[in-house]
Amino acid sequence: MGLSDMPQLWPGQPGLSLLIWIALIVIVLYFARKPAHSSIRAVSRLLRNALHLSSHSVLMAEERLKHRNREVLFSMGQEASERQITREFERMETVIHRDLAGFPTIYRKLDEQITRMEEDYSRTSEVPPTPDAWVRAVDAVSNIPSNGDTMVADVLNNIHESMNKAQKHAVEEYREMFHERHHLLKKLLPSWRRVNAALCEVKKSVDSLDERSKEVDSQLEKFEHICKGKSAGERMLSSSAYTQFFISTFVLLIAVGGGIVNFNLIAYPMQEMVGGSSYLAGFKTSNVAAMVIILLELAIGLFFMESARFTRLFPVIGALDDKVRERMKWITLTILVILASAESALAYMRDLMAAENQALSQSLSGVPMVMGGESFSSIPTAVQMVIGFILPFVLALAALPLESFVHSSRIVLGVLGAVILRLVAFVLRLLGNIAHHVGSAIVHGYDLIIFMPLWVEEKLINRTAETKATPVSDKPQPQPPAPAKPEPSK
Amino acid sequence: MIRKIQILGLSLAALLFTACGDSGPQTRGVYMLLDTSGTYTEEMDKASNIINFLLLKLNPGDSLAVARIDSGSFSEKDIIAKVTFDTRPSVTNQQKRGFREKMDDFISGLKSSPYTDITGGLIQAVEFLTETGVGNKTILVFSDMEEDLKKGHVRDFTLDMKGCEVIALNVTKLRSDQVDPREYMKRLEHWRARIEEGGGTFRVINDLDRLQSIFGE
């Protein structure tokens, strides 16, 4: 509505009419000042309170989300920790079964060895018999002087020679016995070695168990932190979730790249099977079929990984009987191999079709057929076939990062949601405050529009106050006594 | 919850079925008319190249026909070769080879005709393309666009060219066009008016190095 559109109060005098209009509006605004101020303040207060309330609600929602995130984080951490502890115990069990199951045998062997060694040792300690008492008596007799009697001398000489012979014999016996003892001691050496080896074996097993037990201790400590809901545990789990999220995203992107290569490898030859001119939902049927095959491979790969217990995405499969699960593992692996072989065949077919198209193009364009590079022609075909065979298995392996991604994205998205909620709460609170201050600004602006009547009103009030304050007579009024100044406190 | 899942499933199924109706990019039908009158038979090498180009560009499911323009072109007998390509690429390639052989045979034994019935050829082309049920209908006219009818033939009526794109290829300039180029312009304008009157579109491609523009590339 322009100035000219306003009804003119004074015909032919638009300026004057405008002034009258302004005066009228100002007067109306002046008289409506109090209810207008109240309304503006009420609206701004209402807005501020509503927005603050909303902000509070959003903050509460954020708290709930954070609490829920924490619960999920701890639950997942607990589960992962449980899984690791179980795995460690399984490993310990394997070690015990493998190494310590033969411990009774080792013990028996050690016992036998030690008994044998003891026997041998005791045999080495056998002292040769001391010379009989008569030998000493005979020796004493043989040493009696003959006093010149030849007969006695002969007898004594004979006795002496016999004694010497007996002594020589005894010495030889001693030597033999010592030789035997040395031999026995020598025989002890391999036994010691065997004992040492057996003990080393036991030590190795015990050390391995010791390492495992340390690992279990660490896992249990972690588990304890998680169970108690300690902040250290939360920090550890959060950082682990972020790391897992980024790593799994990266690996999944690589898998997607592999999927695209796979798609390009089989989409064209699929035209031979489903036709090259039909469309499904706006997409070439051959492309849709190729995509379905790739997704099928992914699904079969997931089932295989699940039944082989590499992943735990489907609790139903995990809860299956071991025999059924094992059967499922082999069935899915067989299907995967069949699909991989089919892809390999399609890759080969793609190569043939490309060669056929090339030949047709050359014949139609009148270019003579180039027969070079025959020796290399089989290499791309072979590479395509190998890639076609391997890619389904690579896609199946994508189940591992997918599981990490699914689990960690729950945490990351939860944290992101909490951040967004906090931001929303902040914005709502800010808007509430802005609404409040805008209300105050509008009130001041309102007063600015009607500043003239307000000024007049103020003047009138001041004059009235002055009139009331002015005494009726001109006599000076007695001044009230000045209040005593308080003593300055030190 | 189960009810919600059921509703979602039904909606998805409905979406899929409705989407299945969408056939994506439409199949293409190309009908090429070859002028075999007078000295235009000398231009057959160029026509052969154009046919090769068409064979290279057409996909499984597309249709192609080549017919000659002679004294009375409104006849199936004038169709030299026609094919609707199979959906399998390997069969399509075989069909293309067969088509090429037929065209080679025709060009090698070509005899010129005394008259040029372009209108009859156009009517026959529309009829063929309508019968094939293709989505995009293209009629290529390899001629100087100078119609020369046999006495008694009636062709001065409105053509039904709805949905057809007519492309005049290699429109050579006649001796009279050299004397007065307006003759050439007038001739082309006459055909444009006739085809557009019938609901079709008309354009000229004289530079055979830009044949890609036939398919809007």
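## Contact between the chains

In this predicted model, 17 residues of chain A are in contact with 19 residues of chain B. Together the two chains bury about 1,600 Å² between them, and carbon and sulfur atoms account for 60% of that area. The size of an interface is often given as the accessible area lost when the parts come together.

The rule finds 1 salt bridge across the interface of chain A and chain B. In this salt bridge the side chain of A:Glu356 meets the side chain of B:Arg97, at 2.8 Å from N to O.

## The side of chain A that touches chain B

Three elements of chain A give two or more residues to this side: helix H7 (271-274), strand S1 (279-280) and helix H10 (322-365). The largest share, 7 residues, comes from H10(A). By residue type, the side of chain A that touches chain B divides into 8 nonpolar, 7 polar and 2 charged residues.

## Confidence in the model

The scores of the model are ipTM 0.75 and pTM 0.63. For chain B, the mean pLDDT is 83, and 88% of the residues of chain B reach 70 or more.

One stretch of chain B, residues 17-21, has pLDDT under 50 throughout. For these residues the model has 4 contacts beyond four places in sequence. Where pLDDT is low, the predicted coordinates should not be read in detail.

Note on methods. Residues are numbered from 1 along each chain as its sequence is written. Chains are lettered from A and ligands numbered from 1 in the order in which they are written. This is a predicted model: local features need pLDDT of at least 70, side-chain atom pairs count only at pLDDT 80 or more; totals for chains, interfaces and linings use all residues. Side-chain values use heavy atoms; hydrogens and water are left out. pLDDT is the predictor's confidence in each residue, from 0 to 100. Contact means heavy atoms within 4.5 Å. Buried area is the accessible area (1.4 Å probe) that two parts lose on being put together, summed over both. A salt bridge is a side-chain nitrogen of Lys or Arg within 4 Å of a carboxyl oxygen of Asp or Glu. Helices (H or I, at least four residues) and strands (E, at least two) are DSSP runs, numbered from the N terminus. Ala, Val, Leu, Ile, Met, Phe, Trp, Tyr, Cys and Pro count as nonpolar, Asp, Glu, Lys and Arg as charged, and the others, Gly among them, as polar.
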